[in-house]
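Here is a short briefing to read alongside the model. Please keep the sequence and the 3D view open as you go.

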Amino acid sequence: MEIISILNQKGGCGKTTTAVNLAAALTLQGKKVLVIDLDPQANATTSLGINKNTAEKTIYTLLTEKCTFNEAVIETDTENLYAIPSNISLSGAEVELSKSIGYPYILNEAMENNTEEYDYILIDAPPSLGILTLNALVASTSVIIPIQAEFYALEGMADLLQTIQLVEKRLKSDCPIKGILITLYDPRTRLAQDVAKSVKDFFNNKEKVFKSKIPRNVKLAEAPSHGKPGVIYMSDSTGSIAYKKLAQEIINEAQEE
């Protein structure tokens with residue numbers, strides 16, 4: 001069982017799209033998957049067809065100990081795909097959690113002994129490096145960093161990597177980078193090719209850059225309005241095919257290990 005945080009403090013990099021579609025693509029490979037929406041914007045929740053405004057048991061009520069882990073889990077319309085939803089209540093959670101002793105460990109402790117039935121748990125972390133992100137990192141066994149193939153792609157990357165290193169060092173929680181995922185990629189443009197090369201040069205082979213690249217794709221953007229992951233909504237679109245390849249890449253890597 002793997003717990004993977006999808007993390008980048010920059011918005012617009014395809015973080016939520018990756019969390020939802022990678023999760024759905026893994027279920028198509030026969031895996032049982034849970035998505036934890038740890039972002040107050042609750043876009044992953046909406047993308048999975050869950051009404052964030054009527055959800056009573058959410059990641060917020062879990063973190064504030066108003067419900068149990070299993071009570072917060074919702075079955076989605078996609079077979080073998082489950083979710084712990086989010087809503088606007090989570091926006092005030094950082095202040096509440098900061099008053100708790102051992103606040104970086106709250107999510108990890110809530111998940112303890114409750115996760116073995118899943119093959120993968122994907123955490124859609126917020127686009128920031130605050131308390132919620134610390135909780136995601138401590139609870140995770142690895143991290144996927146989506147990076148958009150655009151000019152400022154690597155801006156802020158040093159801060160993100162430093163945060164991951166601090167969690168490993170100070171909180172004694174191993175959280176290796178599983179891979180760097182290039183998103184919003186258009187192979188026809190010189191810029192996208194240059195950014196892909198820059199990403200590889202930046203990480204200098206220290207971190208894995210996934211072979212799979214996620215293209216710009218209208219169907220992936222449309223899917224949330226239908227309450228479905230893109231790989232379910234339009235399974236033969238270029239974006240869906242790319243996420244299926246990513247899922248297979250991750251499964252193959254796990255089998256090799």
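Predicted model: local features only at pLDDT ≥ 70, side-chain atom pairs only at ≥ 80, totals over all residues.

Residues are numbered from 1 along each chain as its sequence is written, and side-chain values use heavy atoms, leaving out hydrogens and water.

**The largest pocket**

- The largest pocket has a volume of about 500 Å³. A pocket here is an open set of points on a 1 Å grid over the protein atoms alone, where a 1.4 Å probe fits, with protein on both sides within 12 Å along at least five of seven lines. The volume is the space filled by probe spheres set on the points, which are joined across faces, edges and corners.
- Its lining numbers 31 residues, and Cys-13, Gly-14, Lys-15, Thr-16 and Thr-17 lie nearest the centre; lining residues have an atom within 4 Å of a point.
- At least two lining residues each come from α1 (15-27), α2 (43-47) and α10 (218-222), and α1 gives the largest share, six residues. Helices are DSSP runs (H or I, at least four residues), numbered from the N terminus.
- By class, the lining has twelve nonpolar, 14 polar and five charged residues. Ala, Val, Leu, Ile, Met, Phe, Trp, Tyr, Cys and Pro count as nonpolar, Asp, Glu, Lys and Arg as charged, and the others, Gly among them, as polar.

**α1 with α12**

- α1 and α12 (residues 238-256) pack at about 70°, with axes 8 Å apart; axes are lines fitted to C-alpha atoms over the stretch in contact, and angles run from 0 to 180 degrees between N-to-C directions.
- α1 is therefore roughly perpendicular to α12 (65 to 115 degrees).
- In α1, the residues meeting α12 include Leu-22 and Leu-26, where contact means heavy atoms within 4.5 Å.

**α7 with α8**

- The axes of α7 (residues 131-139) and α8 (residues 157-170) come within 10 Å and cross at roughly 60°.
- Leu-134, Leu-137 and Val-138 in α7 meet Thr-163, Ile-164 and Val-167 in α8.

How values were computed: Parallel < 35°, antiparallel > 145°, perpendicular 65-115°, else oblique.
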